[in-house]
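The sequence and structure come first.

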Amino acid sequence: MTFGQFLLVAVLAVPALGAVAAAAVPGDRAGRLVGTAAAALTLLATLPLVGGDHGWFGYGPRPAVQAWHQVDVSWVPGLDLRFHLGVDGISWPLVVLTALLTLLCCGYTLWRVPSGGGSGRVLVALLLVVEVGILGTFLALDLVLFFLFFEVVLLPMYAIIAGWGGEDRRRAARKFALYTLFGSVLLLVGVYVVVAAAGTADLVTLTGGAGLSRGTQFAAFTLLALAFAVKSPLWPLHSWLPDAHTQAPTVGSVILAGVLLKMGTYGLIRVAVGVAPEGARWAAPVLGVLAVAAILVGGLVCLAQDELKRLIAYSSVGHMGFVLLGVATLTATGLQAALIGNIAHGVITGLLFFLAGAIKDRAHTGSLAELSGLRETAPRLAGLLGFAAVASLGLPGLAGFWGEAFAVVAAVRRGGGLWTTLAVLAALGGALTAAYLLRLLRRVTHGRPSPAVAPLAPGLAAAELTAWAPLVLLALAVGLAPALVLSYASGPVDALVGVVTR
Amino acid sequence: MTGLLAVALPGVPLVAGLLGLLLPPSPRGAATGEGPARRAAIALGVAGAALALVAAVALLFRVDGPVEAATEWVDLGGLRITLGWRLDGVAVLVAVAVAAVALAVQVYSIGYLRRGPHDDVEVDHRYPPYAAQISLFTAAMLTVVVSGDLILLLVGWEVMGICSYLLIAHDRRLPEAPAAAVKAFLVTRVGDVGFLLGIALLGVGAGSFRIADVLAHDYSAGTLTAACLLLLAGVAGKSAQFPLHTWLPDAMAGPTPISALIHAATMVAAGVYAVARLFPLFAQAPAALAVLGVMAAVTLLLGAFAATAQDDIKRVLAWSTVSQIGYMTGALAVGAPAAALFHLLTHAAFKALLFLAAGVVIHAVGTTLMSRMGGLRAAMPVTFWCMLIGLGALAGVPPLSGFWSKDGVLAAAQAAALDGAGPAPAWVGWLVWLAGLLGVAVTAWYATRLLLRTFFGTTRVPLAHPHDPPAVLRWPVLLLAVPAALLGLAAFAPWFVDRLRVPADASGEAVELVHLAPNLVLPFLLLLLGAGIAWAGWRRDPAADPARFLGPLRPLFARAFRLDDVQHALVVRPATALARVVRTGDELGVDGLVEGSGRAAVELGGGLAALHRAALPRAAAGVLAGALLIGLAVALIGVTS
């Protein structure tokens, strides 16, 4: 076993063992500590994954998926199931982001356990189980394994929302679980359509169509795209998201928005587009139109929204619309924009949910009508909220810019009446994003302090700063040096575009 | 060395700004205007601007032709984005102007943002973030100036916008400030939608966003016209050109030094600079130039007439900015970028001077309304003379700077109108020329009115004791008066004129900025006419506002032709109504379908469950009926097979 293979297994095994240990260790605080340590170890294990064989020195055409490291062992020989993991430039940034956000959430839980729920160590254990599921989804190179990991996430997330959430948490959790389960059913059918037709579940072989007939590809892409559209979420399949976000505890929202949604867009790029490229080409205009509809509808709903967390949740619909628009163009520019948009949204919206949670915890309300004058009583918190909002509206120089601007550029590049119109509308959606975020800032930070805000203490806890600082720095770093995310992605993306347009 | 200086130009203020943001925003001792955090903020702000100025002046001596360097920033699927600088004479001159005004504003702010004589309560001015935001703004503007890549230019462009937003909303005592800040950012952002799309078109066409590659690429006429028109949307937003000018007067809610820096001398000039930077493209797109010419003529007159009826001294200056930038875009439209840039430079000097001097007046009398000023000449002689120079330059009194630069613009427009010179159609030349001449008279009128209402007559504020400002406010004003008076004479210096050549290489035509011809007399006569009418009106009743002669037009001019209301009715209200409709539709329609299907499933299940809960006789009957049905079916199938 090479070092890389060891790391791949460790990335999944450490959080899994950590979850068990966190739940088993006696004492609440000890459990949380153990869990946080496991999350930290996981992050440490994801970083060296980048060291590996990046080049392609072989003969013949470059394979569509070329993992830096892979583990491929037979798992259930009777069913021809393989335990096949691998990491490449498309998945690695997401893997690191997942490990980082989980660590930050565990560390945050070390400081404060959301009230009204169970013990903190159980929450940490559940977060780690969610992490295993998400990391497994990003690493799986076997379609059935991909599906299994995709499903692992669902129930612990349900438990997090239902156990530690707000007042209406049970209904929101049920809606989340049932709605995404509906998506999973479609995914299951899609996976078996592909596996039955191709006779293999190996993603490396499958990428590029693998001799699937036109009809099969159309059916497979429709099923898979619908399944991932629920998770991403793509308008009009998004309505589970605002409820889940509004009711979820802060750490749940952060994981949900930060990385859980990315399973949908990652799946769309790696599985749906990769396995059924002809289907993707066929459905791309529909996908593009829906993505732009998501951008505009998300923005308009945010403009009329009056609850802090709900507004940020709906803003995710708009932001993921840009990511999906990038994917829909099926160009190298668009796919790279989608990848960096994914990462940027994870970082920035994670930060926004942390801040919204902090404001709600302090002021005991999330209603925009009751929040006002935050910069008078808590200037640092208001400043950070301002930074996050500005990053979220896609200010050039911060992380959000690249994904959104270059989704538009990719649509312009695609050319033709439809894509040009979509580019114009998406760019207008960018102005809409600015409108609702500035409205949010004006309501929350400016003006005279409202009764809910007036008694706030100006200081921030050290734990809060520790949890937020990495996200602030990443939003700045990715904005100034997008190559941090994209330099490893260009090879795999070019290969993918090569098989899609073949 | 040149490269190092080019990077240091935006780099030093950037670092100063980022460090300044780390200082405590509301430190102890903030209310009294003292304390270590405030001193650190002052040191960082002034040092950042001063070093940028040193770098810019050093570059002035090192750069005469175009030089550039770039490294790859990122490659997005074959579209190359570079991180690089591109300097020529124009860039360096504009950089000097920006850095000089920024330094003056940083120094001036030290005195302006502390407890004033009319503050009845101690105010926490939050100086550290304020100074840091000015530094960041300076860095962003200098990025626009030196950038060699359109994406990098866009970065500076938008960061400038957000700094402007933050600084307009800075004064926490003004209830209208946050709304003005949001308006400023949103209106410019709407223009930037076009700017981004224009850049996308250019970059996609050339396969690279580097300005040198874009200028060298051969675009089709349609693409070029479309891209230039889209870019103009962004230019209109940032440079406050009709119809996206509505944010600028409201932006006067920001502190006066900010108005001087952002809303007069630098940011609003960025649009003009961007067009000049890409002028070879615009020169090939006469349709875009024609649109620019119409925009310029409308803006020029709109701003001038709106300035005639304002009572707020800052709003008079704000509208005059709108109008003067109209002269610059007019010069661009008739194909005279050098004249536009010359006016940009003189305008930066005299408008910064005017705003800082107006700030001194506001500081002394505690109001921005001219109806509560008057007779300040005796009490504030230094301010009076500086203001006189500034207003003279604005109106174009020879030999002050504005005279020469405005003459350059008018001469170019005249040449385009009469001789068909330049790339634009002749009617554009006529439009710009006539609007410019009328503008001269109106400008002289409102400049004279401002001077008379503020400094002459009897005082209308009996309680205040106005006085000339302390040194920290006085020196920036005095030093800015020098270029405001004399910069026009630079048009006689060949080294200066050569640096304004666009494009900067040998292909650029030789520039002639001064036109000592008989037609100089025409604008001068119009100037005398405008100033004379204002003076005559004031002589009749020194206590009354000369604006009363506008008659029924006065309220219309005061509200700038009610374009704010138009914008509100056509854009803001429909957008918010649409947002409410979409929200309701999304919650009741899309989510209602989801919730409804859930409820329907539950009810269906309940109904089926109720069917299965039956008393024994009915259950037995059901079982027997079922058995009968199955038996019947089997029998039938058995018969047919």
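## Terms and basis

A residue is called buried if 20 or more other C-beta atoms lie within 10 Å of its own, exposed if 12 or fewer, and partly exposed in between, with C-beta atoms placed from the backbone. Helices (H or I, at least four residues) and strands (E, at least two) are DSSP runs, numbered from the N terminus.

The model is predicted: local features need pLDDT of at least 70 and side-chain atom pairs count only at pLDDT 80 or more, while totals for chains, interfaces and linings use all residues. Residues are numbered from 1 along each chain as its sequence is written, and chains are lettered from A and ligands numbered from 1 in the order in which they are written.

Chain A is split into domain 1 (1-53 + 63-275) and domain 2 (285-502), with bounds that come from an automatic or database domain assignment. The centres of the two domains of chain A, taken over C-alpha atoms, are 22 Å apart. Their contact involves 41 residues from domain 1 of chain A and 44 residues from domain 2 of chain A; two residues are in contact if their C-beta atoms, placed from the backbone, lie within 7 Å. On the side of domain 1 of chain A that touches domain 2 of chain A, helix 3 (92-111), helix 10 (240-247) and helix 11 (250-275) each supply at least two residues. Helix 11 of chain A gives the most, with 13 residues. By class, this side of domain 1 of chain A has 25 nonpolar, 14 polar and two charged residues. Here Ala, Val, Leu, Ile, Met, Phe, Trp, Tyr, Cys and Pro count as nonpolar, Asp, Glu, Lys and Arg as charged, and the others, Gly among them, as polar.

Helix 3 of chain A is mostly covered, with 16 of its 20 residues buried. From its first C-alpha to its last, helix 3 of chain A reaches 29 Å, close to the 28 Å expected at 1.5 Å a residue; the expected span is 1.5 Å times one less than the number of residues.

## Chain B: overall form and helix 13

Chain B has 24 helices and two strands, and its C-alpha atoms fill a box of roughly 115 × 65 × 55 Å along the principal axes. Of its 641 residues, 57% count as buried. Chain B is divided into domain 1 (285-558) and domain 2 (570-640), and 74 Å separate the centres of these domains, taken over C-alpha atoms.

In helix 13 (residues 286-308) of chain B, 17 of 23 residues are buried.

## Where the chains meet

Contacts between the chains involve 37 residues of chain B and 44 residues of chain A. Strand 1 (67-76), helix 5 (150-168), helix 6 (177-206) and helix 23 (563-612) of chain B each supply at least two residues of the side of chain B that touches chain A. Helix 6 of chain B gives the most to that side, with 13 residues. The side of chain B that touches chain A has 25 nonpolar, five polar and seven charged residues.

The axes of helix 12 (residues 277-303) of chain A and helix 23 of chain B come within 7 Å and cross at roughly 105°. Axes are lines fitted to C-alpha atoms, for helices over the stretch in contact, and angles run from 0 to 180 degrees between N-to-C directions. The two helices are therefore roughly perpendicular, a term for angles of 65 to 115 degrees, with under 35 roughly parallel, over 145 roughly antiparallel and the rest oblique. Val297(A), Leu300(A), Val301(A) and Leu303(A) in helix 12 of chain A meet residues of helix 23 of chain B that include Leu578(B), Val582(B) and Asp586(B).
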